[in-house]
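Please open the structure in your viewer and keep the selection tool at hand. The tour below goes from stop to stop and says what to select at each.

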Amino acid sequence: MTDFEQATLETLVSFKAKDQAEIKQLLTNKKLKKEACELVKKWNEQRLKLGLKPWQ
């Protein structure tokens, strides 16, 4: 997982978690990790179309 994917995951967790225990659980959730990676991939494809460098 890249730094940007990790930051995206942490942002998703911050929106979904209600307490400290849920934060721990969500940070290791495989489905949420996959969602973060897919979002970064989608954003990078869009950035490339716009002639921008992808996030890493």
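Start by selecting Lys34 and Glu38, which both lie in helix H3, four residues apart, or about one turn of the helix. Helices here are DSSP runs of H or I with at least four residues, strands are runs of E with at least two, and both are numbered from the N terminus. The model is a predicted one, in which local features need pLDDT of at least 70 and side-chain atom pairs count only at pLDDT 80 or more, while totals for chains, interfaces and linings use all residues. Residues are numbered from 1 along each chain as its sequence is written, and side-chain values use heavy atoms, with hydrogens and water left out.

Show the side chains of the pair. Lys34 forms a salt bridge with Glu38, and the closest N and O atoms are 3.9 Å apart. The term salt bridge stands for a side-chain nitrogen of Lys or Arg within 4 Å of a carboxyl oxygen of Asp or Glu. The structure holds one salt bridge. Lys34 is exposed because its relative accessible area is 53%, and Glu38, at 45%, counts as partly exposed. Buried means under 20% relative accessible area, exposed over 50%, and partly exposed in between, with a 1.4 Å probe and protein chains only.

**Two packed helices**

Next, select residues 3-16, helix H1, and residues 20-27, helix H2; they pack at an angle of about 145 degrees with their axes 10 Å apart. Axes are lines fitted to C-alpha atoms, for helices over the stretch in contact, and angles run from 0 to 180 degrees between N-to-C directions. On the H1 side, the contact is made by Gln6, Leu9, Glu10, Val13 and Lys16, and on the H2 side by Glu22, Ile23, Leu26 and Leu27. Contact means heavy atoms within 4.5 Å.

Stay on Glu10 of H1. At 44% relative accessibility, Glu10 counts as partly exposed.

**The nonpolar core**

Now select Leu9, Leu12, Val13, Ala17, Leu26, Leu32 and Ala36, the seven residues of the largest nonpolar core. Such a core is a set of buried Ala, Val, Leu, Ile, Met, Phe, Trp, Tyr and Cys residues joined through side-chain atoms within 4.5 Å. H1 gives the most to this core, with three residues.

Finish on Leu12. Which residues does Leu12 contact, leaving aside its neighbours within four places in sequence? They are Leu32, Glu35, Ala36 and Leu39.
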